[in-house]
Amino acid sequence: MKKNGWLRKAAAIGMAGVLAVGAGGCSDSGDTSQGGESGAGGQEKYKIGILEVQLNDESTNRADWFNNYIAPKYNVEFMFSEACSDLNSCMTFIENAADAGCDAIINYYAVGANTQQLVELCAEYDMVYTENGGRNPANDAVYTGNYENFAGNFMADQPATGKLFHDYLSETLDTSVEHGFIVGTGNAYQGNAQQTEISANMLGAIEELYGLKFDSTIEELYSSSAPVNGTNDKGIEVYCYPGAPATSGWLEGLNAAMQTGKYDYILMSGNVLGNIMTTVDELETAMNKDFTVIGFGSFGEALTSAMNSVDHFGNQALSMSTVKFTSIVSTMGFSKVYNCLTGHRDACLEANGEPSVLLFRMNAVTNPQQLEEMGSWDKEGKWVADYDFVDSMLAVKTEGLTNEQAQETIYKMDYDAIKARLN
Amino acid sequence: MSNSSAAAVSERSPKLTLADRVDMIKNNRYFPIVFPLAMLAFLLLLFVALTGGEFMKRSVILGIFNQSFITGTMATAVAFIYSTGNVDFSVGNAMGLACVLGALAYQATGSMAVMVLVTLAGGVLLMMFNCTLCVTCHVKPAMVAIVAMSIYSAICVVLVGAAPIGVEYETSKALEGVFRYGSFLLYFGMCLLLYHGTAIGRKLRFIGGNERCAIQTGINAVKTQYISFLFAGVGVGLAGVYQTIRTANVASTVGTGMGTDVMLATVLGGMSIFGGTKSNCFAGLIGAITVTILNKGLLMIGVSSTMIQGIRGVVFLLLVYLNSERQKTLPSRQQF
């Protein structure tokens, strides 16, 4: 018995050793000070830390684009974080990235209220900083102050995203029938800009299309941290349901609301398709009731599965969602820090001299064919943001580049333009 | 004794196998202290070698302390609770709520001193509440932790609302210097003294080892456990203060998941979360520093973050495996 015990222990130690050696093999020969080094072609080599908020299909695709497409061409090395879930973990990664020789940070943990702390921290380590998120009034000092290391923000054009949902409901909702709506307001109550805009647009569309008047303001409805009925003068059932699947009891609460039988439209402002579609399917069968699902989404298994599934009544299980092209978003972050690192910070500033917020527009997707077409883009060999696009966002490649020109370039990358180039 | 008789005795003695010798080392009373320290020293030297000395840079060393402070303080605090065999993993949420209360007090008064005092008081009161449920109301500690986690996090969401509560950045950074180091050393020194130099620590370990026996020897288990939660509360409050001054704002999610980090740090530091006679109050700090060194060192030598998660898991399992005590008779609370 003892011999077996020792065998197990030796195996455990051996496995750990193999893993550690293997990991060491993945390393870059222990060189920890590569920032600003001269590369093979005489081009400066920079190391950029990518702060991820979650690890999913999108972040994997992003890492692929950064590591395999961008890194060799622009002589840049990338270092990725684990999933950072709070400000403390963000700060920890930034400190570690600085010690590992990073020259800049691209932050995908979009909580605008934290910008000043992170900009200050990066300034301490002489690192350039940009983040995926909007400008928060609480951080005006970062924009108006003299933070030379701050390159500004990049984010989705949230009003445009919200409008996609408003327009879809306007085009498809049959108001001659009295529908009931569950509006998943997500983290709008915590100030999440995307979920705020989508929730506001969905509620606004219901109000306009039925010509009703809510007893509360739309802002009060989506800002509530507790579920609230959107009572109104037309008696249309509207239930605003905040929170996210990670919140204990969230899915059970949604399930209970659906089981009341009052609602047949499930409108979700957060990316929750992977969490709710099974529940929707089960309740459709159990209650023999047709639910229409519309929700924010992103490329990946959850969206593909939802869009390609047929429900109990033979309809498309997911009626409408949204997608974005990761490489376009990543180009925005990359161009901001690269322009600063190469001495072209002016290209990251508004006309008034404040760091800019670059915006991209999301795309609506309403059928599996469209999803399949767009899903086949933005992968190795078919990147939406190719070298021409990236070059047009870099001041070292595009002489005299301004922030306005960069913004214009991004807006030009719409569905039709991408399709014309890639198909 | 002559050489021949010594040889005869040696022949008659049972021969110890290598496994027996290792078991003897593992069962040595100092092993749980020395082994984690040895691992810590080994990792430190390994990364110093692999980074060509970069790992000993001032910024790196300071970074290690900065990143270990909060978990280390919490783990030191909860050692008092774990020692008695109570596993309270709601401490992260308790810390979060204490932070929120302190930040709200700061918002109302604009005084950092008030923020510090309210956060400390919050930590103490919340832990005393947990203690009352466990010790006086006799609710199982695990159940208390589950319920407390939900209650505290719900209160945080309601109190914080949409945007995190900001605390003045410059003052926060100023407190990160002398105040933080001084208060931590004071608290840690006090814990060391109480836990290892007074009857309080002995009573806590005795209760953790065998509560019934401890009571029969005249120890007031209720009073002693209240004392343990009191000291834990001070640590939880102090960790809350460190958290607030590090981030200079408090979000509704603050402290979520911290309970697990504290448990991991404690186990990595060589202490059983089920308490008992081999408990100590510095294991958590050693564990927290070990995890930080591992994360930072691996990143500095260029290992990817996904690989780091795997390596950390393997190292954690390995340490727990080597550090754990497997009774050959009846199972005891000392098992991990």
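A residue counts as buried if 20 or more other C-beta atoms lie within 10 Å of its own, as exposed if 12 or fewer do, and as partly exposed in between, with C-beta atoms placed from the backbone. This is a predicted model, so local features need pLDDT of at least 70, side-chain atom pairs count only at pLDDT 80 or more, and totals for chains, interfaces and linings use all residues. Residues are numbered from 1 along each chain as its sequence is written, while chains are lettered from A and ligands numbered from 1 in the order in which they are written.

Q: What makes α3(A) largely enclosed by the rest of the structure?
A: By the cut-off above, 12 of its 13 residues are buried, so α3(A) is largely enclosed. Among the buried ones are A:Leu87, A:Phe93, A:Glu95 and A:Asp99.

Q: Why is the span of α3(A) called close to the expected one?
A: The expected span is 1.5 Å times one less than the number of residues. Helix α3 (residues 87-99) of chain A has 13 residues, and its first and last C-alpha are 19 Å apart, close to the expected 18 Å. Helices here are DSSP runs of H or I with at least four residues, strands are runs of E with at least two, and both are numbered from the N terminus. Just after α3(A) comes A:Gly101, with a positive phi of about 95°.

Q: How do you know that β10(A) and β11(A) pair?
A: Two strands pair if DSSP finds at least two bridges between them. Strand β10 (residues 265-268) and β11(A) run parallel and share 4 bridges, so they pair.

Q: What makes the crossover from β10(A) to β11(A) right-handed?
A: The test is to point the strands away from the viewer: a clockwise path from the first strand over the helix to the second is right-handed. The β-α-β crossover through helix α10 (residues 273-287) of chain A has that hand.

Q: Which way do the residues of β11(A) point?
A: In a regular strand, side chains alternate between the two faces of the sheet. In strand β11 (residues 292-295), A:Thr292 and A:Ile294 point one way, A:Val293 and A:Gly295 the other, and all are buried.

Q: How do you know that β11(A) also joins β12(A)?
A: There are 2 bridges to strand β12 (residues 318-323) of chain A, and the two strands run parallel. A:Ile294 has A:Met320 as its bridge partner.
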